[in-house]
Amino acid sequence: MAAARAVVPASWPERTAGAGTVGRMTSHDTLHDGTAFQDHYPPDVAACFGCGRLNEHGHHLRTTWDGEGTVTRFTPGPEQTAVPGYVYGGLIASVIDCAGTGTAAGAAYRAAGRTMGDPDDHEPPLRFVTGRLEVDYLAPTPLGVELVVRGHIDEIKARKVVVSLEMAAGDTVVARGRVIAVLMPATME
Ligand SMILES: CCCCCCCC/C=C\CCCCCCCC(=O)SCCNC(=O)CCNC(=O)[C@H](O)C(C)(C)COP(=O)(O)OP(=O)(O)OC[C@H]1O[C@@H](n2cnc3c(N)ncnc32)[C@H](O)[C@@H]1OP(=O)(O)O
């Protein structure tokens, strides 16, 4: 893979604090410092449009543990309009996609007893790509409202993690999704 462009905004991570979540960790996570999974992605996978901290045009999604599951938060802007006042469905899919791959990475690290960002961990990083993405659009999604995506780990195998996700706008569940995340093939590195 081509080297990630060094496009970190000078204000990172402050710039993303509103778009992601910086909630405190629970007793089950392997990250206890308030950081998100994506904060620890190596630079070669940190240019992702959805979740890469190095992509100045991307969503900068950030995912943290919330009990046994995860939470990812994102507030779409007016440029993400489908019809006036409502969010574009492709944006919803991309948020579910990266909330799912992020959850998969966190789950794989936790299952392996590893801590993301551990300077003493010299094992190869566990990188995931999307093998399958399913989205059910359940209700119109209003613009200008924070979307909260909760992820649940359905299955962990040697090469894949299956994650189900639910997106809410306020009290309304607007979408449900499922991501089959597969370990990144060597050809993509
Ligand atoms: C301090 C260090 C911290 C480090 C932390 C690092 C964490 C980094 C984590 C994350 C990085 C984030 C990067 C952003 C990602 C954002 C999301 C994207 O946009 S990704 C781009 C779009 N996706 C592609 O371009 C994939 C293209 N497709 C492929 O390359 C292959 O088809 C691939 C890898 C998906 C599957 O390759 P195969 O088929 O050779 O895989 P096989 O090993 O045979 O399968 C493994 C398991 O997965 C299932 N599987 C594979 N593909 C499936 C599919 N399409 N649908 C359902 N199941 C599938 C298989 O059935 C198998 O399951 P069974 O073990 O048998 O239960």
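This is a predicted model: local features need pLDDT of at least 70, side-chain atom pairs count only at pLDDT 80 or more; totals for chains, interfaces and linings use all residues.
Residues are numbered from 1 along each chain as its sequence is written. Helices (H or I, at least four residues) and strands (E, at least two) are DSSP runs, numbered from the N terminus.

In H1, 18 of the 23 residues are buried, so the helix is largely enclosed by the rest of the structure. Buried here means that 20 or more other C-beta atoms, placed from the backbone, lie within 10 Å of the residue's own. Gly113 follows H1 and has a positive phi, near 70 degrees.

Six strands form an open sheet in the order S1-S2-S4-S5-S6-S3, with antiparallel pairing. Pairing requires at least two DSSP bridges between two strands. Strand S1 (63–66) and S3 stand at the edges, each with a single partner strand, so one side of each lacks a neighbour in the sheet. S3 and S6 run antiparallel and are joined by 9 bridges. Val129 has Val182 in S6 as its bridge partner.

UniProt, in an unreviewed entry, lists residues 85–173 as "domain: Thioesterase"; such annotations may be inferred rather than shown by experiment. This span is 26% helix and 36% strand, and its end C-alpha atoms lie 17 Å apart.

Definitions and conventions:
A residue is buried if 20 or more other C-beta atoms lie within 10 Å of its own, exposed if 12 or fewer, and partly exposed in between; C-beta atoms are placed from the backbone.
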